[in-house]
Every structure is written in structure tokens, then in C-alpha cells.
Amino acid sequence: MRIIRAKDYCEMSRRAAEIIASEVILKPDCVLGLATGSSPVGTYDELVKMYKDGALDFSGVRTVNLDEYCGLDITSDQSYVWFMHHHLFDRVNIRPENTHFPDGKQADAQKACAEYDAVMEKTGRTDLQLLGLGPDGHIGFNEPEDFFPAGTHKVALTDSTIQANKRFFSSEEEVPRFAYTMGVAGIMKARRVLMVVSGKSKAGILKEALCGPVVPQVPASVLQLHPDFVLVADEEALSEMEGAQ
């Protein structure tokens, strides 16, 4: 495990973007696993700046996103397809056919999950998987469970996740209650995992995830077992982890 301490969210975003940019430069046809939510927005902004400065070329990059809400149309400004186009894809030269998401409109959960597992298998091993950290320790939408789910699966969102996400919707009632998400095995197969964490509110769960036991009740704790795990976090998020560099 490698921990990179950043002063604040802006520095965290820049440092994380530099790691992703290095991957793209060294391997122009790399596979990036991408995340949504507020944590990676600054990272995507930094990548866009690098692209506009002529430092990055996304034309050969392929992506697989972690998750998608069930039932939302991709034109909804709350869908993760929309999110990725708004924050990254429409701002760089990535090819649309090289971007992949679970099909949130597919009502047959078994079919939707099998199809996304097949997409990931065809795309090949993820070179770098970007993650945020949920308030209950979830990664993707892998919520606290009695086991680590392996493949893509449909998950009922916990109340803490619904509460955390309701700020993106007009009301709590509009927050979808289910999502399709890449499983823990899919995340752990990535050659490198990069997590970005910011803010005092994440300090406790970050310490629990990385300093406590590896248990499925704290899904992110499994990252302790990854051979190339990099955490980029700001000072507030690291405030409960003594000695973190």
C-alpha cells in the first residue's frame, strides 16, 4: 500500500490525475476503470486540462465504469453515463465505442450482470481502477455484506448511501434504490487500484478500511490485500491515521 498525502482536495485531484496521466502516456491503449461521485470530479477536471494542453491523448483509451443506477435513462442528468460524458468523455478525444457501463435500463438483472461481466472480459484486464470511498466503506456500490460479491451484481442501496447521494437529486424520493455494480473480484483484478478520499467526514471510515481487519462489512478493507494499491487523500481524510505519509 502506498499513501500519498495531499494538502487539500485540489492537490489530491492533481496528484491522482498525474498517476492516471502516466498510465495513459505509458500505455496509450490502456483500460481505465472509472468512478463517479463528487470525489473524482476534480481529478477529471485535471485530466481535461492536460488534454487541452496537448499532454494527453485518449483516442486509444478504453474504459469500464464501476456502476450504474437501475431504472434511470442514460439521458437523465443523474445517470452515471451522463456524469461521465459531462465531466470527462465529452471534453476529451475518447472514442464513444471504447466506453462501457452496466445497462441500468435492463430489467433482467441476471442478464444485465452477465452482459457486463462479458464486456469486461472482452475489454481485458483493467490497468488502473479509480475508486472513491463510501461513508460506510463501500467501493463501487459494493455495500457492507457478509461476503465479498465477486462478479457484477444488482445491489439494494443502504440508507447511508441514499442519504449521501440525495444531494444530487431534487429529493430523497428520487434517489434510485438499486444499482448494478462491478463486483469486488472485478475491482481486485485491476493491475493497480487508485483511491481518492477527501474530507474530515471520511477520516473514520478510511482508518477502519485500511487499518482494521479485512471484512466484507467494510468492503474497502479488501484493498489491503491488493499488490498495487495507491491512496491519494487530503490531510483531513488522513487525520485519524497516525504516521501516514
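1. A residue is termed buried under 20% relative accessible area, exposed over 50%, and partly exposed in between (1.4 Å probe, protein chains only). By this criterion Glu23, at 9% relative accessibility, counts as buried.

2. The model is predicted: local features need pLDDT of at least 70 and side-chain atom pairs count only at pLDDT 80 or more, whereas totals for chains, interfaces and linings use all residues. Residues are numbered from 1 along each chain as its sequence is written, and side-chain values use heavy atoms, with hydrogens and water left out.

3. Glu23 belongs to helix α1 (residues 9–26); helices (H or I, at least four residues) and strands (E, at least two) are DSSP runs, numbered from the N terminus. Leaving aside residues up to four places away in sequence, Glu23 touches Cys30, Leu32, Asp127, Leu128 and Arg191, a contact being heavy atoms within 4.5 Å.

4. The structure holds nine salt bridges, each defined as a side-chain nitrogen of Lys or Arg within 4 Å of a carboxyl oxygen of Asp or Glu. One of them joins Arg191 to Glu23, with the closest N and O atoms 2.3 Å apart. Arg191 lies in the loop between α6 (184–188) and β9 (192–197) and Glu23 in helix α1, so this pair ties together parts that are 168 residues apart in sequence.

5. Arg191 also forms a salt bridge with Asp127, where the closest N and O atoms are 3.7 Å apart. This pair links distant parts of the chain, since Asp127 is in the loop between α4 and β6 (128–131), 64 residues from Arg191. Asp127 is buried at 6% relative accessibility. Through shared partners, salt bridges join Glu23, Lys27, Asp127 and Arg191 into one network.

6. Within helix α1, Arg14 and Glu18 are four residues apart, about one turn of the helix. They form a salt bridge whose closest N and O atoms are 3.0 Å apart. Arg14 is partly exposed, with a relative accessible area of 35%, as is Glu18 at 33%.

7. In helix α4, the buried residues are Ala112, Cys113, Tyr116, Met120 and Thr123. They cover an arc of only 95° around the axis, which puts them on the same side of α4; the arc is that of the directions from the helix axis to the C-beta atoms. These buried residues pack against β2 (31–34), β3 (62–65), β5 (99–100), β7 (153–156) and β8 (178–181). On the other side of α4, Gln110, Glu121 and Lys122 are exposed. The helix is followed by Gly124, whose phi is positive, near 100°.
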